[in-house]
Every structure is written in structure tokens, then in C-alpha cells.
Amino acid sequence: MKAVMGIKEVDWKSAARRFAFGLSVWLAAQASVTSVMAAPAAPVAPAAAVAPAKADAVVALPTVSGDLTGTLKKIHDTGLITLGYREAAIPFAYVNDKGKPVGYTMDLCYAVVDAVKTALNLPNLRVREMSITPQNRIPLVKNGTVDLDCAPNTITPERAEQVGFSNPYYVSEVRLLVNKKDNIRGLEDLKGQNLVASAGSTGERLARMQAEKIGYRVIPARDHGESMMTLETGRAKAFALDDVLLAGFRANARDPESFAIVGAPLETELNALMLRRDDPQFKRFVDTTLAHLYTSGDIRRIQRKWFQQPIPPRNVNLNLEPSKEVIEVWHKGSRVTE
């Protein structure tokens, strides 16, 4: 699966074209995924496999027939599912003032958890929430420590060689958060300055690709929270990250009006839940759960909850409507076929 791979700064029309190309490549890749949700007699749940659904119909929650494999077997045998989250990826996945991971993607993951409980007849399924970072997320998913990473992960060809992804749930653009007083309008204004990005993030990768040419330095931070602190303290003049996450950091800054999101998109990205590679049974289970959310209207409620209403910890409203690209991703992801 390929995300949009533009590197140079572009105008908005060009960014839209790059997104359309990336989405078409992703959809072509999805067509080649083989379903394994059918087999002989079911050892766990008596229900039938997921049935195809029309695009305008509500997709039923997933059921499993036949032998369990991969992640679903592991969850059934251990009675435990482990979710990965970020501590400061507002509004997708972050820790609230009570120390509880919350957010848009946490709600998506808990919808998967509820579906697992029903499909595998595990009403007492234990859920372990594990804080992970952009650096360790792939190893922890690959080695089976984390079953489903609920952070805003970008689909890239490099990552897809190591881990699997659900169907996308969001579209974002990598841009820059800056302090208005520094008069930074884009990467070209950072010559001789520091740019901060979270180590292992797409923002870091894209920033490094132009650092030598333009003449700025990239400071890697442990996570997004440390990146924001580096910007706020003036040790860096720009913070490169997905625009939605940057909007969350700006809204929760001590002085939000001091910061601005600037520059043409460095890349347009498809965001998805991360799971283990070569586990088509679990991928189909997750994708069908998402399709249910997309077609039942629940996704609109979750969108409004985290993007268009006051959210903790400071009860800030991001006031972000879903873009036409996000709505298109929901529409494409609502189609479940055998």
C-alpha cells in the first residue's frame, strides 16, 4: 500500500492531486487482499462470516466462523487484547487529566474491542493499554506485544513491509507549527535554524529530506509532547507533524494565539490503525468494524465528539469539520466485499 509520496513543497491544487493518486493506489492494493473469514465448523462463535454489504447499507459487525488464526487466536487463548496509544497525540490518542488514554482513535479501537468480545464470546476480555512512541511502535506490533496500535499511524510503503494497516480512517497533511513572532512561512525560511520532529515520525523523515538543501537542522524529540516543548521554549523554530495533531497542540498551548500552522503540505497522508502483517483474518475483522462505524453514522458522532466539541484536558474545541478527503475515505472504507 502506498501513501502519497510527494517530497517538495507544493501548492494546494497539487496536494489534492497527490492525495487522489495515493488513494487510488491504496484502493487498488485493497482489491488484492484475500479474505479468510470462512472455514469449516466454528470452534468459538456459531455465527456466519461477514456478509457483503451495499455501500448505502449498514455493515453488520464482524463475526467469525472457522478456525481462529493470528491475533484473534492469541486474544481468544489469552483472554487479553493489548492496545497501543500515544500520550500526547491530541485529539487522536492522548492521556487525559485522570491518566486515561482517550481520543478519536481510542474510540475506534474500543469499538474493535467490543466487537471481539461479542464475536469470540469473551464478555470478560481484559484490555491492556500500553503507551508507545513513534520509535518503538513497529517493533512492539511485530513481536506481538501490541495487538492494535490506536495512534495516528501513516500508511507508507516502508512500514507496510513490516506491519499491517486497517483501512484508513482519516486524511492529514504534514505541515509546520511555528511561533508567529519568528515570521516563518515554510521550510525555506528555516535556513540556519532548528526544526523539531518526533523521532520515527513521517514529519521527521520529510524534514530530513530537505534539511541539507535548505540548510536547517532537524532535532529529533522522543515524542510529540517533547517536540512541542522544544518549540515553545524556542530551541526550534518549527515543529513538523500532521496538521490535525498540530491543531491540537496549538489549541492546548499556554498562548494558542502565538502559534500558527504554516507552509504548503510536505505530504498528504492516509492514517490507519496498525496491526500485525500477514494476518488477514484480524485485518478483515478490524476493517469490518470500521465499515460498521462508517455506515451506521457512529463515525460522525465520534468525529463531532473529538473535533467539533470541547475536549479534555482544557475543554478546547478544535472546530475541525471532516474534509471531503476524509469523507471519501469513510465512503471507500464502508464497502466490505468477499
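Helices here are DSSP runs (H or I, at least four residues), numbered from the N terminus. V141 sits in one of them, helix 4 (residues 137-142). This is a predicted model, so local features need pLDDT of at least 70 and side-chain atom pairs count only at pLDDT 80 or more, while totals for chains, interfaces and linings use all residues. Residues are numbered from 1 along each chain as its sequence is written, and side-chain values use heavy atoms, with hydrogens and water left out.

**V141 and its surroundings**
- V141 is buried, at a relative accessible area of 0% (buried means under 20%, with a 1.4 Å probe and protein chains only).
- Beyond its neighbours within four places in sequence, V141 is in contact with V146, D149, V163, M274, L275 and R276 (contact means heavy atoms within 4.5 Å).
- T82 lies 59 residues from V141 along the chain, and their C-alpha atoms are 9.8 Å apart.

**Helix 3 against helix 9**
- The axes of helix 3 (residues 104-119) and helix 9 (residues 280-296) come within 10 Å and cross at roughly 115 degrees (axes are lines fitted to C-alpha atoms over the stretch in contact, with angles from 0 to 180 degrees between N-to-C directions).
- That makes the two helices roughly perpendicular (65 to 115 degrees).
- On the helix 3 side, L108, A111, V112, A115, V116 and A119 meet F285, V286, T289, L290 and L293 of helix 9.

**Helix 11**
- In helix 11 (residues 324-333), the buried residues are E325, V326, V329, W330 and G333.
- They share one side of helix 11, because they cover an arc of only 145 degrees around the axis (taken from the directions from the helix axis to the C-beta atoms).

Methods. Buried < 20%, exposed > 50% of the residue type's maximum accessible area, 1.4 Å probe, protein only. Parallel < 35°, antiparallel > 145°, perpendicular 65-115°, else oblique.
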